[in-house]
Amino acid sequence: DYGAPNVTKPMHVRQLRSPLPRQRIKALLRLLGDEVQGDAHFGDWGFQMGLLIGAVGDERGLWNLVQEDTGAFAGPPEAVADKLADLGLDDLEAAYPAAAARAKEDAAFRDRARRATARLQAGGEAFRAIWARFVQVSRTALAREFSALDVQPGFVRVSAAGLVPDASGCQKLVSLGYYDVRVFADGVTSVSFRGLRPFQEP
């Protein structure tokens, strides 16, 4: 376990303590012939994501392309992707504290963010696409930071109900108590938890 980097945030110093020794442990185990999966848990789907969806949607004019009340597309998915194409980690890092501060003062925005969180967790396809872009931007930056440390953890995608990847590409499924582990053809490992309480709408 390499720690738990956050979507939309750069790595904190506390998240740099574990990767280096664990990279060496993994290398030693592989040298001995063991099959080892490096694991950097990577997945946020809580209220922080609802805040960012609301803030980025407002800033980038997404609401003519996305149905905010359902999280579904109201226009071509490609148009949403185009509006988010130049989104960077600096944008997300700046947007989150501003959105959190706004939610403290603006009850209507706070309720919108809560609804967005619920719609995301329920599988609203447009909100999932926006969230996936947040993850892509964050993962690219984190991979660069891990590489600078000569660390190759492999990212394990952690999913809540409604965010499990399409099972059609699954090559292996292992059920372990309250969670399932899926390995996909593209090398992505997905961990999905069963029985989690969904985010409650206001």
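Of the contacts in this chain between residues at least 6 apart in sequence, 67% join residues at least 24 apart, a contact being heavy atoms within 4.5 Å. Before I go on, a note on the source: this is a predicted model, where local features need pLDDT of at least 70, side-chain atom pairs count only at pLDDT 80 or more, and totals for chains, interfaces and linings use all residues. Residues are numbered from 1 along each chain as its sequence is written, and side-chain values use heavy atoms, with hydrogens and water left out.

The overall layout, then. There are 6 helices and 7 strands in the chain; these are DSSP runs numbered from the N terminus, with H or I and at least four residues for helices, E and at least two for strands. Their order from the N terminus is α-β-α-β-β-α-α-α-α-β-β-β-β. Of the 202 residues, 41% are buried, meaning under 20% relative accessible area, with exposed over 50% and partly exposed in between, for a 1.4 Å probe and protein chains only.

Now the rings. A search of the whole structure gives 1 aromatic pair. Trp 63 and Phe 127 form it edge-to-face, at 6.3 Å centre to centre and 80° between the planes. The rule is that rings of Phe, Tyr and Trp (its six-membered ring) pair if their centres lie within 6.5 Å, with planes under 30 degrees apart stacked, over 60 edge-to-face and the rest tilted. What does the pair tie together? Trp 63 is in the loop between helix H2 (47-60) and strand S2 (66-67) and Phe 127 is in helix H6 (residues 125-148), so parts 64 residues apart in sequence are tied together. Phe 127 is buried at 0% relative accessibility, whereas Trp 63 is partly exposed at 24%.

Another ring, that of Phe 109, has the charged end of Arg 102 over it, 4.0 Å from its centre; the criterion is NZ of Lys or CZ of Arg within 6 Å of the ring centre and within 35 degrees of the ring normal.

Last, two places around helix H1. Ile 25 lies in H1 (residues 19-31) and is partly exposed, at 47%. Gly 38, in the loop between H1 and strand S1 (40-42), is buried at 4%. Its C-alpha atom is 9.6 Å from that of Pro 19, 19 residues away along the chain.
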